[in-house]
Amino acid sequence: MLARPRVIRDSKAPVRDPRADEYPMPFVPFGWYAVLRSKELPVGKLVSLYYFGRALIAFRGPDGNAAVRDAYCPHYGAHLGGGKLVGGAVECPFHGWRFDAQGACVHAPFAERVPKVAIGGLPVLEHSGLVFVYVGPDEPSWEPGPIPETTSPQFAEPIDDRVRVRVHIQEMRENIVDESHFHYIHRQAEPPAQNLQTDGGPFAEIKGRIRRRVLGRDLDNTFDCSMSGPGVMVVRTHGPALSVTAIALTTPVDDTTSEIRMLYLLRKPAKAPFLVPFYKLVFKRLAFPEVRHEMRIWDSKIHQARPVMLPHEQGIKALRRWYKQFYPAESTASSDRTTRSASPES
Ligand code: FES
Ligand SMILES: [Fe+2]
């Protein structure tokens with residue numbers, strides 16, 4: 001089993017209103033999601049996962065390719081995560097049926113003929129040190145692209161921060177286009193100038209500038225952010241002190257909870273690579289409290305289908321227009337009505 005991610009909840013948080021769990025849109029947008037880092041799935045290891053309201057198992061077949069499949073045995077319902085791998089097939093802990101990486105039953109003790117059954121699963125893609133799965137009504141028509149920094153010797157091993165919060169993943173993504181919170185939460189002098197560009201499909205990009213106060217000095221940074229569907233976002237920040245590539249992986253867990261896994265890759269200072277541990281420490285000290293702070297806000301906030309925005313706050317609306325494509329058409333058509341009735345002030 002992997003280490004359990006922490007669930008962010010503040011003991012001093014306001015009493016949670018049931019409306020904080022109400023969303024007009026389904027909890028699992030269609031797209032690719034990173035459910036594991038490749039190094040968490042060595043050959044011969046069987047991993048139990050729980051995402052998308054589904055118990056899953058992950059393992060590598062005989063060719064080394066990763067497989068992510070449903071966890072329950074069609075024979076009598078045992079959780080296959082409690083079993084073991086035999087020659088790249090998973091063996092059920094209850095009566096020994098075996099299933100290959102494609103899900104097909106390949107062995108059943110004492111059966112005259114192996115039953116023609118299979119366990120369901122999800123399309124898998126692996127690159128950039130990540131195991132992605134696709135969730136959607138059809139086969140995927142697109143893929144997230146490689147992230148070069150993950151294999152570049154110029155970047156340090158990532159700082160890996162994985163937590164779960166009781167919020168929809170769309171709210172997590174809206175954070176990057178919520179201009180005003182950069183001033184209030186992230187101590188930037190003013191809201192960043194940014195502009196969401198989309199390709200009409202699952203990819204979108206934002207480029208912008210931010211001014212941030214670090215250790216008493218104002219530092220001007222540029223950033224560019226590329227989004228690949230609802231599950232993957234890469235934010236590259238370049239500044240005089242540090243360049244950081246942040247990979248934000250947002251994944252629905254069940255119909256109230258989402259996971260955010262942040263992998264922060266710091267560019268090694270060319271003349272002083274030995275400073276990397278120090279840089280990591282400073283980065284964690286500065287960034288983590290801010291991120292935790294907004295997670296606590298997400299935990300108790302409600303979804304405003306019609307937020308009251310200031311004239312310069314265009315990002316959230318633009319993002320929502322782009323994000324609609326990841327839901328079935330009928331689920332977004334009724335969204336305004338559903339949430340208006342849940343908002344006392346509108
Ligand atoms: S429940 Fe899995 S083999 Fe019987
Ligand atoms: Fe933020």
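The model is predicted, and local features are considered where pLDDT is at least 70, side-chain atom pairs count only at pLDDT 80 or more, and totals for chains, interfaces and linings use all residues. Residues are numbered from 1 along each chain as its sequence is written, while chains are lettered from A and ligands numbered from 1 in the order in which they are written.

The protein chain is assigned domain 1 (31-135) and domain 2 (148-323), with bounds taken from an automatic or database domain assignment. Between the C-alpha centres of domain 1 and domain 2 there are 33 Å. Their contact involves 11 residues from domain 1 and 13 residues from domain 2, where two residues are in contact if their C-beta atoms, placed from the backbone, lie within 7 Å. On the side of domain 1 that touches domain 2, strand S2 (31-37) and strand S3 (47-51) are the elements that give two or more residues. S2 provides the largest share, 5 residues. By type, this side of domain 1 has 7 nonpolar residues, 4 polar and no charged; here Ala, Val, Leu, Ile, Met, Phe, Trp, Tyr, Cys and Pro count as nonpolar, Asp, Glu, Lys and Arg as charged, and the others, Gly among them, as polar.

Next come the strands, which are DSSP runs (E, at least two residues) numbered from the N terminus. Two of them pair if DSSP finds at least two bridges between them. An open sheet is formed by 4 strands in the order S6-S7-S8-S9, with antiparallel pairing. Its edge strands, S6 (84-86) and S9 (105-107), each pair on one side only. Within this sheet, strand S7 (residues 89-91) and strand S8 (residues 98-99) run antiparallel and are joined by 2 bridges, and Val90 stands opposite Phe99 in S8.

Strand S13 (residues 159-165) runs antiparallel to S19 and is joined to it by 7 bridges, with Arg164 opposite Glu259 in S19. Strand S18 (residues 243-252) also pairs with S19 in the antiparallel sense, over 9 bridges. In that pairing, Thr250 is found opposite Ile260 in S19, and a hairpin of 5 residues links S18 to S19.
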